[in-house]
Amino acid sequence: MSALSLDRVTEYLDGLVPSRPAELRRMEAIAERSDFPIIGPACGHVCYLVARLTGARRVFELGSGFGYSTAWFARAVAENGGGEVHHTVWDEDLSARARKHLDRLGYTKLIRYHVAEAVGELKRARTRFDLIFNDIDKHGYPGSLPVIQKKLRPGGVLIVDNLLWDGRIFDAKDRSASTRGVRALTRRVMKDKRWTATIVPIRDGLLVARWQPRG
Ligand SMILES: C[S@@+](CC[C@H](N)C(=O)[O-])C[C@H]1O[C@@H](n2cnc3c(N)ncnc32)[C@H](O)[C@@H]1O
(Lines give C-alpha, C1' and ligand atoms only; values in the text may rest on other atoms or scores of the structure.)
Protein backbone atom coordinates (compact mmCIF):
# COMPACT_ATOMS: atom_id res chain seq x y z
CA MET A 1 0.00 0.00 0.00
CA SER A 2 1.25 3.52 -0.80
CA ALA A 3 2.50 5.58 2.14
CA LEU A 4 0.84 8.61 0.55
CA SER A 5 -2.74 9.25 1.62
CA LEU A 6 -4.74 12.45 1.71
CA ASP A 7 -5.04 12.29 5.51
CA ARG A 8 -1.32 11.82 5.87
CA VAL A 9 -0.52 14.73 3.53
CA THR A 10 -2.99 16.99 5.36
CA GLU A 11 -1.55 16.03 8.74
CA TYR A 12 1.94 16.73 7.43
CA LEU A 13 0.91 20.13 6.01
CA ASP A 14 -1.00 21.01 9.20
CA GLY A 15 2.26 20.43 11.04
CA LEU A 16 4.18 22.72 8.66
CA VAL A 17 1.88 25.73 9.16
CA PRO A 18 3.99 28.43 10.82
CA SER A 19 3.22 29.59 14.34
CA ARG A 20 -0.16 31.26 14.70
CA PRO A 21 -1.96 33.17 17.45
CA ALA A 22 -2.96 31.11 20.51
CA GLU A 23 -6.60 32.11 19.90
CA LEU A 24 -6.55 30.34 16.51
CA ARG A 25 -5.23 27.21 18.20
CA ARG A 26 -7.98 27.49 20.81
CA MET A 27 -10.53 27.65 18.00
CA GLU A 28 -9.02 24.51 16.46
CA ALA A 29 -9.34 22.73 19.83
CA ILE A 30 -12.99 23.83 20.18
CA ALA A 31 -13.77 22.55 16.67
CA GLU A 32 -12.08 19.24 17.46
CA ARG A 33 -13.98 18.81 20.76
CA SER A 34 -17.36 19.73 19.30
CA ASP A 35 -16.82 18.04 15.93
CA PHE A 36 -17.45 21.35 14.13
CA PRO A 37 -16.24 21.32 10.50
CA ILE A 38 -13.65 24.11 10.16
CA ILE A 39 -11.21 24.29 7.28
CA GLY A 40 -8.25 23.53 9.58
CA PRO A 41 -4.70 24.94 9.66
CA ALA A 42 -3.34 23.79 6.26
CA CYS A 43 -6.39 25.04 4.31
CA GLY A 44 -6.57 28.16 6.48
CA HIS A 45 -3.00 28.86 5.55
CA VAL A 46 -3.76 28.37 1.83
CA CYS A 47 -6.62 30.90 2.17
CA TYR A 48 -4.30 33.32 3.94
CA LEU A 49 -1.58 32.83 1.30
CA VAL A 50 -3.95 33.35 -1.65
CA ALA A 51 -5.37 36.48 -0.02
CA ARG A 52 -1.84 37.80 0.58
CA LEU A 53 -0.65 36.92 -2.95
CA THR A 54 -3.58 38.75 -4.51
CA GLY A 55 -3.48 41.69 -2.08
CA ALA A 56 -7.17 41.17 -1.23
CA ARG A 57 -8.71 44.01 0.81
CA ARG A 58 -12.41 43.14 0.39
CA VAL A 59 -13.39 39.58 1.28
CA PHE A 60 -16.87 38.03 1.51
CA GLU A 61 -17.36 34.69 3.29
CA LEU A 62 -20.46 32.55 2.75
CA GLY A 63 -20.94 30.09 5.62
CA SER A 64 -18.52 31.42 8.23
CA GLY A 65 -19.21 29.23 11.28
CA PHE A 66 -17.63 30.54 14.48
CA GLY A 67 -15.03 32.56 12.63
CA TYR A 68 -12.04 30.28 12.12
CA SER A 69 -11.73 30.73 8.33
CA THR A 70 -12.65 34.41 8.83
CA ALA A 71 -9.62 34.82 11.09
CA TRP A 72 -7.24 33.64 8.36
CA PHE A 73 -8.73 36.09 5.84
CA ALA A 74 -8.73 38.91 8.39
CA ARG A 75 -5.06 38.29 9.10
CA ALA A 76 -4.28 38.62 5.37
CA VAL A 77 -6.45 41.71 4.88
CA ALA A 78 -4.83 43.41 7.90
CA GLU A 79 -1.37 42.68 6.45
CA ASN A 80 -2.54 43.87 3.01
CA GLY A 81 -3.20 47.30 4.50
CA GLY A 82 -6.73 46.88 5.90
CA GLY A 83 -10.20 46.53 4.43
CA GLU A 84 -13.31 44.44 5.13
CA VAL A 85 -14.04 40.78 5.78
CA HIS A 86 -17.73 39.87 5.74
CA HIS A 87 -18.70 37.07 8.14
CA THR A 88 -22.00 35.51 7.14
CA VAL A 89 -23.85 32.76 8.89
CA TRP A 90 -27.51 32.19 9.65
CA ASP A 91 -27.03 31.11 13.29
CA GLU A 92 -27.16 33.99 15.83
CA ASP A 93 -25.13 31.95 18.32
CA LEU A 94 -22.28 31.18 15.90
CA SER A 95 -22.11 34.83 14.89
CA ALA A 96 -21.82 35.91 18.55
CA ARG A 97 -19.13 33.31 19.22
CA ALA A 98 -17.21 34.44 16.13
CA ARG A 99 -17.30 38.03 17.34
CA LYS A 100 -15.68 37.03 20.66
CA HIS A 101 -12.84 35.13 19.00
CA LEU A 102 -12.23 37.74 16.30
CA ASP A 103 -12.26 40.58 18.85
CA ARG A 104 -9.66 38.71 20.90
CA LEU A 105 -7.55 38.38 17.75
CA GLY A 106 -7.72 42.16 17.28
CA TYR A 107 -9.84 42.16 14.10
CA THR A 108 -12.85 44.07 15.48
CA LYS A 109 -12.62 46.91 12.96
CA LEU A 110 -12.19 44.66 9.92
CA ILE A 111 -15.18 42.36 10.29
CA ARG A 112 -18.76 43.00 9.12
CA TYR A 113 -21.23 40.52 10.61
CA HIS A 114 -24.34 39.28 8.81
CA VAL A 115 -26.77 36.89 10.48
CA ALA A 116 -28.66 35.77 7.39
CA GLU A 117 -28.78 33.36 4.49
CA ALA A 118 -25.38 33.93 2.90
CA VAL A 119 -26.15 33.97 -0.84
CA GLY A 120 -29.03 36.43 -0.38
CA GLU A 121 -26.73 38.63 1.68
CA LEU A 122 -24.03 38.59 -1.01
CA LYS A 123 -26.69 39.47 -3.60
CA ARG A 124 -27.64 42.52 -1.51
CA ALA A 125 -24.03 43.72 -1.17
CA ARG A 126 -23.55 47.07 -2.89
CA THR A 127 -19.96 46.54 -4.05
CA ARG A 128 -17.80 43.85 -5.57
CA PHE A 129 -15.16 41.83 -3.78
CA ASP A 130 -11.52 40.87 -4.36
CA LEU A 131 -12.04 37.44 -2.88
CA ILE A 132 -15.12 35.33 -2.09
CA PHE A 133 -14.97 32.21 0.07
CA ASN A 134 -17.83 29.70 -0.09
CA ASP A 135 -18.50 27.08 2.60
CA ILE A 136 -22.32 26.93 2.76
CA ASP A 137 -24.48 23.79 2.65
CA LYS A 138 -23.36 21.93 -0.43
CA HIS A 139 -26.74 21.66 -2.14
CA GLY A 140 -26.59 25.47 -2.33
CA TYR A 141 -23.31 25.57 -4.27
CA PRO A 142 -24.72 25.67 -7.85
CA GLY A 143 -27.25 28.40 -6.97
CA SER A 144 -24.53 30.53 -5.38
CA LEU A 145 -22.38 30.66 -8.53
CA PRO A 146 -24.30 33.27 -10.60
CA VAL A 147 -24.38 35.59 -7.57
CA ILE A 148 -20.66 35.09 -6.96
CA GLN A 149 -19.93 35.87 -10.62
CA LYS A 150 -21.80 39.17 -10.29
CA LYS A 151 -20.10 40.15 -7.06
CA LEU A 152 -16.49 39.18 -7.77
CA ARG A 153 -14.41 41.89 -9.41
CA PRO A 154 -12.65 40.98 -12.68
CA GLY A 155 -9.40 39.27 -11.68
CA GLY A 156 -10.91 38.36 -8.30
CA VAL A 157 -10.51 34.99 -6.61
CA LEU A 158 -13.06 32.40 -5.53
CA ILE A 159 -12.18 29.74 -2.94
CA VAL A 160 -14.70 26.96 -2.26
CA ASP A 161 -14.32 24.26 0.39
CA ASN A 162 -15.20 20.55 0.26
CA LEU A 163 -14.85 19.87 -3.47
CA LEU A 164 -13.61 16.34 -2.75
CA TRP A 165 -16.56 15.88 -0.36
CA ASP A 166 -14.95 13.06 1.58
CA GLY A 167 -14.70 11.02 -1.63
CA ARG A 168 -18.45 10.98 -2.20
CA ILE A 169 -18.01 12.69 -5.57
CA PHE A 170 -16.40 9.43 -6.83
CA ASP A 171 -19.34 7.27 -5.82
CA ALA A 172 -21.62 7.12 -8.89
CA LYS A 173 -24.47 5.81 -6.72
CA ASP A 174 -24.37 8.90 -4.51
CA ARG A 175 -27.08 11.14 -5.97
CA SER A 176 -27.73 13.13 -2.78
CA ALA A 177 -28.45 16.85 -3.14
CA SER A 178 -25.16 17.78 -1.44
CA THR A 179 -23.00 15.54 -3.64
CA ARG A 180 -24.83 16.70 -6.77
CA GLY A 181 -24.28 20.29 -5.61
CA VAL A 182 -20.52 19.78 -5.29
CA ARG A 183 -20.32 18.02 -8.68
CA ALA A 184 -22.39 20.71 -10.43
CA LEU A 185 -20.30 23.60 -9.12
CA THR A 186 -17.07 21.80 -10.04
CA ARG A 187 -18.30 21.06 -13.56
CA ARG A 188 -19.58 24.58 -14.18
CA VAL A 189 -16.41 26.30 -13.02
CA MET A 190 -14.06 23.90 -14.80
CA LYS A 191 -15.92 24.15 -18.14
CA ASP A 192 -16.31 27.92 -18.11
CA LYS A 193 -13.47 29.78 -19.87
CA ARG A 194 -14.06 32.81 -17.68
CA TRP A 195 -12.66 30.83 -14.75
CA THR A 196 -9.06 29.65 -14.35
CA ALA A 197 -9.30 27.06 -11.61
CA THR A 198 -7.91 24.05 -9.87
CA ILE A 199 -8.69 21.96 -6.82
CA VAL A 200 -5.99 22.02 -4.17
CA PRO A 201 -6.21 18.49 -2.73
CA ILE A 202 -5.64 19.26 0.94
CA ARG A 203 -8.07 17.98 3.59
CA ASP A 204 -11.46 17.98 1.75
CA GLY A 205 -10.31 19.82 -1.40
CA LEU A 206 -10.26 23.59 -1.94
CA LEU A 207 -11.27 25.07 -5.27
CA VAL A 208 -9.09 28.08 -6.04
CA ALA A 209 -10.30 30.02 -9.09
CA ARG A 210 -9.64 33.32 -10.82
CA TRP A 211 -12.56 35.15 -12.42
CA GLN A 212 -12.04 37.01 -15.69
CA PRO A 213 -15.38 37.81 -17.35
CA ARG A 214 -13.87 39.08 -20.62
CA GLY A 215 -10.77 37.04 -21.31
C1 LIG B 1 -18.80 24.32 7.35
S2 LIG B 1 -19.37 25.49 8.46
C3 LIG B 1 -18.27 26.85 8.29
C4 LIG B 1 -16.88 26.65 8.75
C5 LIG B 1 -16.03 27.89 8.53
N6 LIG B 1 -15.99 28.26 7.12
C7 LIG B 1 -14.62 27.62 9.02
O8 LIG B 1 -13.87 26.94 8.32
O9 LIG B 1 -14.29 28.08 10.10
C10 LIG B 1 -20.76 26.16 7.60
C11 LIG B 1 -21.61 27.09 8.46
O12 LIG B 1 -22.43 27.86 7.62
C13 LIG B 1 -23.80 27.71 7.96
N14 LIG B 1 -24.53 27.75 6.68
C15 LIG B 1 -24.68 26.74 5.78
N16 LIG B 1 -25.35 27.16 4.69
C17 LIG B 1 -25.62 28.48 4.91
C18 LIG B 1 -26.27 29.47 4.15
N19 LIG B 1 -26.79 29.21 2.93
N20 LIG B 1 -26.37 30.72 4.67
C21 LIG B 1 -25.86 31.01 5.89
N22 LIG B 1 -25.22 30.10 6.67
C23 LIG B 1 -25.09 28.85 6.18
C24 LIG B 1 -23.90 26.38 8.68
O25 LIG B 1 -24.99 26.40 9.57
C26 LIG B 1 -22.54 26.33 9.39
O27 LIG B 1 -22.59 27.01 10.61
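## Charges, burial and backbone

Colleague: What is the relative accessible area of glutamate 79?

Modeller: Glutamate 79 is partly exposed, on a scale where buried means under 20% relative accessible area, exposed means over 50% and partly exposed lies in between, for a 1.4 Å probe and protein chains only. For glutamate 79 the relative accessible area is 40%.

Colleague: What kind of model is this, and from which number are residues counted along each chain?

Modeller: This is a predicted model, in which local features need pLDDT of at least 70 and side-chain atom pairs count only at pLDDT 80 or more, while totals for chains, interfaces and linings use all residues. Side-chain values use heavy atoms, with hydrogens and water left out, and residues along each chain, as its sequence is written, are numbered from 1.

Colleague: How many residues apart in sequence are the parts that glutamate 79 and arginine 52 tie together?

Modeller: Arginine 52 is partly exposed at 34% relative accessibility, and its side chain meets that of glutamate 79 in a salt bridge of 3.2 Å, N to O. Glutamate 79 belongs to helix H4 (residues 68–79) and arginine 52 to helix H3 (residues 40–53), so the pair joins parts of the chain whose separation in sequence is 27 residues. Helices here are DSSP runs of H or I with at least four residues, and strands are runs of E with at least two, numbered from the N terminus. The separation asked for is 27 residues.

Colleague: How many salt bridges does the count come to?

Modeller: A salt bridge is taken as a side-chain nitrogen of Lys or Arg within 4 Å of a carboxyl oxygen of Asp or Glu. Glu23, Arg26 and Arg104 are linked in a network of such bridges. By this rule the count comes to eleven.

Colleague: Which residue forms a salt bridge with aspartate 161?

Modeller: The closest N and O atoms of this pair are 2.5 Å apart, the two residues being aspartate 161 and arginine 203. The bridge links distant parts of the chain, 42 residues apart, with aspartate 161 in the loop between S5 and H8 and arginine 203 in the loop between strand S6 (195–200) and strand S7 (206–211). The partner is arginine 203.

Colleague: At what distance does the side chain of threonine 10 reach the backbone nitrogen of arginine 203?

Modeller: Threonine 10 is placed in helix H1 (residues 6–16) and is buried at 8% relative accessibility. A polar contact is a pair of N or O atoms within 3.5 Å; within protein, one must be able to donate a hydrogen and the other to accept it, and residues adjacent in sequence count only if both atoms are side-chain atoms. The side chain of threonine 10 reaches the backbone nitrogen of arginine 203 at 2.8 Å.

Colleague: Which residue has the backbone oxygen that the side chain of lysine 151 reaches?

Modeller: Lysine 151 lies in helix H7 (residues 141–151) and is buried without a salt bridge, the nearest side chain of opposite charge being glutamate 121 at 11 Å. For such charges, Lys and Arg count as positive and Asp and Glu as negative, while His and the chain ends are not counted. At 2.6 Å, the side chain of lysine 151 reaches the backbone oxygen of alanine 125.

Colleague: What is the phi of aspartate 35?

Modeller: Most residues other than glycine have a negative phi. Aspartate 35, in the loop between helix H2 (22–34) and H3, is exposed at 71% relative accessibility. Although aspartate 35 is not a glycine, its phi is positive, at about 55°.
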